[in-house]
Amino acid sequence: MSAAVVFESGLRSSAGQLSRIVHRFVGLGGRRFSAASNSYNNLQVEVRGSVGLVAIHRPAALNALNDETTMELADALQQYDRDSTIGAIVLTGTDRAFAAGADIKEMANRSFVQTRRRNAGAFMDLFLALRSPVIAAVRGYALGGGCELAMACDIVYASEDAQFGLPEVQIGTIPGWGGTQRLLRAVGKAKAMEMILSGRRISAKEAEEWGLVSAIHANDKVVAAALETAGKIASLSQPIVQMAKAAVNAAEDMSLRNGILYERSLFQATFATQDQKEGMTAFVDKRDPKWTNA
Ligand code: CAA
C-alpha cells in the first residue's frame, strides 16, 4: 500500500467537494474570496512565517457566526490548508469573543425545511478534511457554535477570561455543529450532560481541568502563544505532522484494534518519505534535520 493511499483516509472528503457544499448551502456562491488579498468582510487573515492566522472579526455581534462568516471561514481555512508553504493554522477571534455562537438573529425565523435544505452545520465537516494542524486561541466567549468551532480544532489555548458553553437549550434548540459529540469525547458524559442540559458556562480554569483546553495564557498573550506553538509545528515535516494528526483523529472514530492497525500503517508509511530518512540520519549525525516535506 502506498503512503498516499494510507494517508488519505476514507473519512476525509476532498476540499473541493466541501467547498461546493458550503457554496451551495450558504447560497452566496457568487462571491469569490482570497486569503492572499484579505478580501473578507468578517475575517482578518495574515501569514506569519509558515503559519496562517485567521481571526474572526465581527465584534459588534461578538463574532456571531452568520452564513457569510462561516463561508469566509471555510474558504480561508481551506486556502491555507492547500498552501504548501503553510504548516499550521491559528484560529482566533477578538478580545471579547472567540465567537458567541451561530447568528441567532439570522436563523431565528427559518423553518425546519429551510434549515434542512441549507444543511445547517454541514460546513463544520471541513474540519474532518483539514490536514494542517489548527490551534484555537480563545479569548472571551466561546459559546454554542463558537465552542463547537474551538472543539473542532486540534489544540485549544484559552485566555484567562475565556468562557466555554453550549447554551443552545436556553434558546430552544440543541448544539448542531458537533457539540454533543465532541464535548462528550473531551470531558466525559457526566460533565458534558451537565453543560449541555443546563447551558452552564465554564471558566477557562474549569475547561483546562476538564481537558477541553490544553493551556491557559494571559489575555494579551494567548494568540502569541498559539502562534509560537504553531510555528514550532510548522517548522517540522508537513507530511509527518499530518500523519500524526490523522492517527490521533482516528482514535475518535475507530475501535482500539482498528485504530492501532491504522496507526501502524501510517507509522510504516513514514518510511516511504525522505523526511523520515533525513530525521533519523540527522539524529545519528548529531545535527539539525533539514525537512523537505518529501
Ligand atoms: N447571534 C447573534 N447576535 C449575537 C449573538 C449570537 N449568537 N451573541 C451576541 N450577539 C449580539 C447581541 O445581540 C448584541 O447585539 P446588539 O448590540 O445589536 O443588541 C451584541 O452581540 C452584544 O451582545 P450582548 O449585548 O448580549 O452582550 P452581553 O455582554 O450582555 O452578553 C453574551 C454576552 C452572554 C455572549 C450574550 O450575547 C449571549 O448570550 N449570546 C448568545 C449566546 C448563545 O446563545 N449562543 C448559541 C447560539 S445558537 C448556536 O450556536 C447553535 C449551534 O449549535 C451552531
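In the predicted model, strand β5 (residues 134–138) pairs with β7 in the parallel sense over four bridges, two strands being taken as paired if DSSP finds at least two bridges between them, and A137 stands opposite Y157 in β7. Strands (E, at least two residues) and helices (H or I, at least four) are DSSP runs numbered from the N terminus. Strands of a sheet pair through backbone hydrogen bonds, either parallel or antiparallel.

Both strands belong to an open sheet of six strands, in the order β1-β2-β3-β5-β7-β10, with mixed pairing.

The structure holds 13 salt bridges, a salt bridge being a side-chain nitrogen of Lys or Arg within 4 Å of a carboxyl oxygen of Asp or Glu. One of them joins the side chains of K245 and D154 at 2.8 Å, N to O. This pair links distant parts of the chain, with K245 in helix α12 (residues 238–250) and D154 in the loop between α7 (145–152) and β7 (155–159), 91 residues apart. K245 counts as buried at 12% relative accessibility, whereas D154, at 33%, counts as partly exposed; buried denotes under 20% relative accessible area, exposed over 50%, and partly exposed in between (1.4 Å probe, protein chains only).

The side chains of E46 and R48 likewise meet in a salt bridge (2.8 Å, N to O), in which E46 is partly exposed at 36% relative accessibility and R48 is partly exposed at 41%. A salt bridge of 3.9 Å, N to O, is found between R110 and E106, with relative accessible areas of 25% for R110 and 33% for E106.

Residues are numbered from 1 along each chain as its sequence is written, and side-chain values use heavy atoms, with hydrogens and water left out. As the model is predicted, local features need pLDDT of at least 70 and side-chain atom pairs count only at pLDDT 80 or more, whereas totals for chains, interfaces and linings use all residues.
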